[in-house]
Amino acid sequence: MMQFEWWYWIIAGFCLIGLELAVPSFTIIWFGLGALVVGLLKVLWSGFPLAGQLFLWTVSSIGFTVMWFKYLKPKVSRTHAGQSKEGIVGETGIIIRGTEDSYGRGTVRFRIAVLGADEWGCYADDVLQVGDSVRVVDIEGQVLKVTKI
């Protein structure tokens, strides 16, 4: 029966982690970390059976993958591209065309283009005057709801 040495697992782990650089799937790395776990355990327990090594590699690789997608990935900041509401709510701008009353539609300009445009149609519960600073609170289609700052 073939005996796996501890350094086989370490080399396999680093090769899998390195392969992640060539094939950016962000899943191969977890199998590499699983191999490193087995290699480290093999250093501590030289009589670790091959079936146990393969089982530990499988379980730890799946565990790392699940941990990433369930717990760590959601906490990584994401771009809001393609998500109009999350990408624009909270942004501030200046009114460049005011409204006659609270039902009218004005135009707000942002310093930096937001979702591909630096000027947007807007409305507010209050009358908007040219030069008012506003914050976006909602988006309805192509029109922003804003409040004065």
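Is Trp 9 buried or exposed? Trp 9 counts as buried because its relative accessibility is 7% (buried is under 20% relative accessible area, exposed over 50%, partly exposed in between, using a 1.4 Å probe and protein chains only).

A note before the views: this is a predicted model, where local features need pLDDT of at least 70, side-chain atom pairs count only at pLDDT 80 or more, and totals for chains, interfaces and linings use all residues. Residues are numbered from 1 along each chain as its sequence is written, and side-chain values use heavy atoms, with hydrogens and water left out.

**View A. Phe 4 pairs with Trp 9.** The structure holds 10 aromatic pairs, and one of them joins Phe 4 and Trp 9, tilted, at 5.7 Å centre to centre with 40 degrees between the planes. Rings of Phe, Tyr and Trp (its six-membered ring) pair if their centres lie within 6.5 Å; planes under 30 degrees apart are stacked, over 60 edge-to-face, the rest tilted. Phe 4 is partly exposed, at 23%.

**View B. Trp 7 meets Tyr 8 edge-to-face.** Their ring centres sit 4.5 Å apart, and the pair is edge-to-face because the planes are at 85 degrees. Trp 7 is partly exposed at 41%, and so is Tyr 8 at 31%.

**View C. Ile 88 sits in the largest nonpolar core.** Such a core is a set of buried Ala, Val, Leu, Ile, Met, Phe, Trp, Tyr and Cys residues joined through side-chain atoms within 4.5 Å. Of its 14 residues, Ile 88, Val 108, Phe 110, Trp 120, Leu 144 and Val 146 touch the most other members.
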